Amino acid sequence: MISAIARDGIDKSVAGGLAGIATAFVQESIEHMIPWLIVSAAVIICDLACGLRKSIIMGEQVRFSRAVRRTMGKMVTYFSFVFMVVMINKASGSRYDIDIYSCLMVCFLEMCSIISNILKPKGIELNIVEAFRLIFGKTLKVDKEDIKEVIKEEKK
């Protein structure tokens with residue numbers, strides 16, 4: 001039977017070892033995500049600038065507090081997303097590079113917003129969903145008959 005003192009020593013040793021491993025994991029992840037955070041911040045700032053330009057050209061009222069609040073909301077959301085995918089990528093041994101593709105997806109979404117902000121004052125509306133339908137054809141349009149082929153009810 002292990003004494004209470006020995007058990008306490010084992011518990012503290014295990015906790016100390018796990019804390020060291022967790023600290024190293026988090027530190028390595030943060031070092032890897034810094035470039036993605038910088039890119040995300042740059043894209044968000046560009047979107048803010050283009051959104052302000054669009055509002056000024058179209059004669060809309062620009063509220064500094066609303067613009068900053070929306071920008072900060074985007075930053076928190078995107079930074080949290082980057083943090084999550086980088087941690088998942090590190091935990092998976094960097095085999096899948098999901099951090100790269102996920103961060104590029106965030107940049108693509110912001111790029112669509114930037115392009116929309118540039119084109120809207122010129123009277124051009126950008127519909128991304130329709131653009132994808134045009135590019136990929138029927139892959140995004142699903143008929144009821146197609147669904148019947150995918151999902152079949154089991155007869156009892």
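Colleague: What should I know before we start?

Modeller: This is a predicted model, where local features need pLDDT of at least 70, side-chain atom pairs count only at pLDDT 80 or more, and totals for chains, interfaces and linings use all residues. Residues are numbered from 1 along each chain as its sequence is written, and side-chain values use heavy atoms, with hydrogens and water left out.

Colleague: Which residues form the largest nonpolar core?

Modeller: Six of them: Met33, Trp36, Val82, Val85, Val86 and Cys103. A nonpolar core here is a set of buried Ala, Val, Leu, Ile, Met, Phe, Trp, Tyr and Cys residues joined through side-chain atoms within 4.5 Å. Helix 1 (4–57) and helix 2 (64–91) each supply at least two residues of this core, and the largest share, three residues, comes from helix 2.

Colleague: What does Val82 touch?

Modeller: Leaving out residues up to four places away in sequence, Val82 touches Met33, Trp36, Leu37, Ser40 and Cys103. Contact means heavy atoms within 4.5 Å.

Colleague: Which other residues of helix 2 are buried?

Modeller: Besides Val82, the list includes Ala67, Thr71, Met75 and Tyr78, and also Asn89 and Lys90.

Colleague: How does the span of helix 2 fit its residue count?

Modeller: At 1.5 Å a residue, its 28 residues should span 40 Å, and the end C-alpha atoms of helix 2 are 40 Å apart, which agrees. The expected span is 1.5 Å times one less than the number of residues. Helix 3 (residues 98–119) agrees as well: its 22 residues should span 32 Å, and its end C-alpha atoms are 31 Å apart.

Colleague: Switching to the loop between helix 2 and helix 3: what is the phi of Ser94?

Modeller: Ser94 has a positive phi of about 55° although it is not a glycine. Ser94 is partly exposed, with a relative accessible area of 31%. Asp97 also sits in the loop between helix 2 and helix 3, and has a positive phi of about 55° without being a glycine. Just after helix 2, Gly93 takes a positive phi of about 80°.

Colleague: Last topic, what volume does the largest pocket have?

Modeller: About 480 Å³. On a 1 Å grid over the protein atoms alone, a pocket is an open set of points where a 1.4 Å probe fits, with protein on both sides within 12 Å along at least five of seven lines, and lining residues have an atom within 4 Å of a point. Grid points are joined across faces, edges and corners, and the volume is the space filled by probe spheres set on the points.

Colleague: Which residues lie nearest its centre?

Modeller: Gly51, Ser55, Arg66, Ala67 and Arg70, out of 18 lining residues. The largest share of the lining, seven residues, comes from helix 1.

Methods. Buried means under 20% relative accessible area, exposed over 50%, partly exposed in between (1.4 Å probe, protein chains only). Helices (H or I, at least four residues) and strands (E, at least two) are DSSP runs, numbered from the N terminus.
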